[in-house]
Amino acid sequence: RVMVAGKQGAALAMDPSGGLDLAAVQSDLRLAVRDLQQRGLTKPAKWAAEQLVGLETTLGSSSSSSSSDGREGAACSDKFLLAKTYFDLREYTRAASCLKGERDANARFLRLYATFLAGERRKEEQAVEESGPLDCSTTAGARNEELSTIERELSQYVERGEADGFLFYLFGLVLAEKEKNDDAKDALLKSVGLYPCNWAAWMALQELNVDLAKLEASLPNHWMASFFVASMCLEVQENERGLRHYIDLQKVFPESEYVLAQAATAHYNLRQFDEAQSLFETLHKKSPHRIESMDIYSNILYVKEAYAALSHLAHHAILTDKYKPETCCIIGNYYSLRTQHEKAVTYFRRALKLNRKYLSAWTLMGHEYVEMKNPEAAIEAYRRA
């Protein structure tokens, strides 16, 4: 055979008659999809996956667990690779449709999760159309129309003993959306028991506002439970206990930015502003492009009237990601400190447009309305917080 070298490192094989070696093309495209996805190149990954699925079906769809050059990859179908590129581009309905009939556990989860997210997107669109981006009074009327269908299918997998940790996680999300909190708690506990390292499942469990004292006995004997208990302590304002947990976790995860941010937040909640500021400054120097938790740091700088530091933080946040809710909160605090309260309100509103669940923005907006001597608006903002 004549081998024509390609820039990718694999070769483009041709048979003596001048036709392509389709098996080599298939191998190249599978490798390209994985390589492009790993590098965040979602659009060319989608293109490669579409060509992969477009090859002759006689070649077979399943990829091997390791590529020809020795690199490892999870076994999955070509349709799954294509669906994943759709999913990464937020084409959720298209991703779900692509996976109809696929029975692999990964494909099953991605299909149902994509369906769930498509329903969530339509629910959000409905809420905006019916009530406007900031009118929360009628948001409850918007519903995810896919929940019942997903619940029925997941229930069948659970009854047949076919549900893994990820399907139980999705089951918990669906049940929580339908306000079946006890059932959601049971599903999420099974999820973290089967697959403890899915932090999203722990966070979904935390959002159910369950009693920590009653819940602890049901948690799996796994180190991830320590992260969850520490986070729950801060959620229910048991900040001293939470801080002790994070100090212990820092001994095992000394370079964790998350643990450092949570410890700083615990100090902030305890109104130990000097200690919190010191930790946040360490975090900011260590990871200057981090936005998560920096809104809390901006609250400290606001309280201390640290104009220069807050200005620097706001400028850095804008350069990093202008359209993050935390960035809008930081900028709002900056304008508030400069007594430009109307501008501050504008940015707190923008934070809520970006994330309806970012409730601390309502509290900060209430403070601004107090300064603007608008008690009715202040009361409404505090109510929504």
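Student: How far is the sulfur of Cys329 from the closest cysteine sulfur, and in which residue is that?
Tutor: The closest cysteine sulfur is in Cys328, 8.8 Å away, so the two are too far apart for a bond. A disulfide here is a pair of cysteine sulfur atoms within 2.5 Å. Before we go on: this is a predicted model, where local features need pLDDT of at least 70 and side-chain atom pairs count only at pLDDT 80 or more, while totals for chains, interfaces and linings use all residues. Residues are numbered from 1 along each chain as its sequence is written, and side-chain values use heavy atoms, with hydrogens and water left out.

Student: OK, and how many disulfides does the count come to?
Tutor: Zero, by that rule.

Student: Is Cys329 buried or exposed?
Tutor: Cys329 has a relative accessible area of 2%, so it counts as buried. Buried means under 20% relative accessible area, exposed means over 50%, and partly exposed is in between (1.4 Å probe, protein chains only). Cys98 is at 13%, so it counts as buried too.

Student: New topic: where does Glu145 lie?
Tutor: Glu145 is in the loop between helix H5 (105-131) and helix H6 (147-159). Helices are DSSP runs of H or I with at least four residues, numbered from the N terminus. At 52% relative accessibility, Glu145 counts as exposed.

Student: Now helices. At what angle do H8 and H9 cross?
Tutor: Roughly 155°, and the axes of H8 (residues 181-194) and H9 (residues 199-206) come within 9 Å. Axes are lines fitted to C-alpha atoms, for helices over the stretch in contact, and angles run from 0 to 180 degrees between N-to-C directions. H8 and H9 are therefore roughly antiparallel, the label for angles over 145 degrees.

Student: Which residues in H8 meet H9?
Tutor: Lys185, Leu188, Leu189, Ser191 and Val192 in H8 meet Ala201, Trp202, Ala204 and Leu205 in H9. Meeting means contact, with heavy atoms within 4.5 Å.

Student: And how do H14 and H15 cross?
Tutor: The axes of H14 (residues 273-286) and H15 (residues 294-303) cross at roughly 130° and come within 10 Å. That makes H14 oblique to H15; oblique covers what's left after under 35 degrees (roughly parallel), over 145 (roughly antiparallel) and 65 to 115 (roughly perpendicular).

Note on methods
Helix = DSSP H or I, 4+ residues; strand = E, 2+ residues; numbered from the N terminus.
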